[in-house]
Amino acid sequence: MKHISAREIKTMEKIFRLNLINSCTGYKSANLIATKSKNGNSNVAVFSSVTHMGSNPAMLGFVTRPLSVARNTYDNIKATSFFTVNHIHEKMIEKAHQTAAKYDEDISEFLKTGLSEEYLDDFHAPYVKQSEIKLGCKYLNEYEIKENDTLLVVASIEHIYFDEGIQMPDGWLRLDDAGTVTVNGLDGYSLPSLLDRFHYARPGQEVKSFFSDENK
Ligand SMILES: Cc1cc2nc3c(=O)[nH]c(=O)nc-3n(C[C@H](O)[C@H](O)[C@H](O)COP(=O)(O)O)c2cc1C
């Protein structure tokens, strides 16, 4: 098995290290964060750091890169408090990836990529029409990660939208039925398929599947 030490990581060529370190922690969530500035300019960008932070209250977080250059997503959230998180669907991976390009603040990635913005229930921030699962979120707080100048933004989940067919009776959303993709590194998009789902694990009890073999 190949072994790489911290000393070797430090001396690696920059892009090689970026690709290695971005992929070695596993698959990441694939989302588009959409916002609207106070002046009414919409913005949408791909983020792979959106993660669950707690279910009661319903919260999520994401990491934003250092603010040494303009970050339209972060600036719009700070100015308005609102943003949406939109799952990247298998049919929109090219358009979603293009949102990472550095467009000026007054240029909407919606127009440049062909993604459509949609406004639901008077929420300030736009949703991505093509996404099958979308969340309306409100800024709560931010935490500085001093070691690399990044920020963890924490938000409450105010709205959830999805097609009813992907929800199981116990609340769980079956993401492969929604066509939601996952990110491998910074530029690889994969489509996972469900292997199994298990009941709550208890010491000394055999792991029990939710599904019988035929309806997996
Ligand atoms: C697959 C992928 C994942 C990304 N994830 C993040 C992320 O989690 N945090 C971040 O700050 N930037 C991330 N980026 C970079 C942003 O998409 C990029 O900086 C974008 O231009 C930000 O747009 P904004 O300035 O409009 O906010 C990612 C880029 C790609 C291609």
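Predicted model: local features only at pLDDT ≥ 70, side-chain atom pairs only at ≥ 80, totals over all residues.
Biologist: Why is threonine 84 called buried?

Modeller: Buried means under 20% relative accessible area, exposed over 50%, and partly exposed in between, with a 1.4 Å probe and protein chains only. Threonine 84 has 0% relative accessibility and therefore counts as buried. Threonine 84 belongs to strand 6, where helices (H or I, at least four residues) and strands (E, at least two) are DSSP runs numbered from the N terminus.

Biologist: Which residues are in contact with threonine 84, leaving aside its neighbours within four places in sequence?

Modeller: Contact means heavy atoms within 4.5 Å, and on that basis the partners of threonine 84 include Leu32, Ile33, Phe123, Pro126 and Leu135.

Biologist: What makes the pair formed by threonine 84 and proline 126 a polar contact?

Modeller: A polar contact is a pair of N or O atoms within 3.5 Å; within protein, one must be able to donate a hydrogen and the other to accept it, and residues adjacent in sequence count only if both atoms are side-chain atoms. A polar side-chain atom of threonine 84 is 2.6 Å from the backbone oxygen of proline 126.

Biologist: How do you know which residues surround the ligand?

Modeller: A residue is near a molecule or strand if one of its heavy atoms lies within 4 Å of it. The ligand is surrounded by 20 residues, the closest being Val46, Ser49, Val63, Arg65 and Thr73.

Biologist: Asparagine 72 is in helix 3; which residues of helix 3 are buried, and what covers them?

Modeller: The buried residues of helix 3 are Asn72, Thr73, Tyr74, Asn76, Ile77 and Thr80, and their cover includes strand 2, strand 3, strand 5, strand 6, strand 9 and strand 10.

Biologist: What makes a set of residues a nonpolar core?

Modeller: The term is used for buried Ala, Val, Leu, Ile, Met, Phe, Trp, Tyr and Cys residues joined through side-chain atoms within 4.5 Å. In the largest such core, of 16 residues, Ile33, Val50, Leu60, Phe62, Phe83, Val85 and Cys137 touch the most other members. Among the elements giving two or more residues to this core are strand 3 (42–47), helix 3 (72–80) and strand 9 (133–145). A second, separate core has twelve residues, including Ala30, Ala96, Phe110 and Leu115.

Biologist: How do you know that strand 2 and strand 3 pair?

Modeller: Two strands pair if DSSP finds at least two bridges between them. Strand 2 and strand 3 have six bridges in the antiparallel sense, with alanine 34 opposite valine 44. Strand 4 and strand 5 are joined by four bridges and run antiparallel, and a hairpin of two residues connects them.

Biologist: Why do strand 1 and strand 12 count as edges of their sheet?

Modeller: Their open sheet has three strands in the order 1-11-12, paired antiparallel. Strand 1 (28–29) and strand 12 (188–190) each have a single partner strand, so one side of each is left without a neighbour in the sheet.

Biologist: What makes proline 57 and serine 81 stand out in their backbone geometry?

Modeller: Most residues other than glycine have a negative phi, and most peptide bonds are trans. The bond from asparagine 56 to proline 57 is cis, with omega near 5 degrees, and proline 57 is in the loop between strand 4 and strand 5. Serine 81, which is not a glycine, has a positive phi of about 80 degrees and lies in the loop between helix 3 and strand 6.

Biologist: Why is serine 81 called partly exposed?

Modeller: Serine 81 has 25% relative accessibility and therefore counts as partly exposed.

Key:
Residues numbered from 1 in each chain as written. Heavy atoms only, no water.
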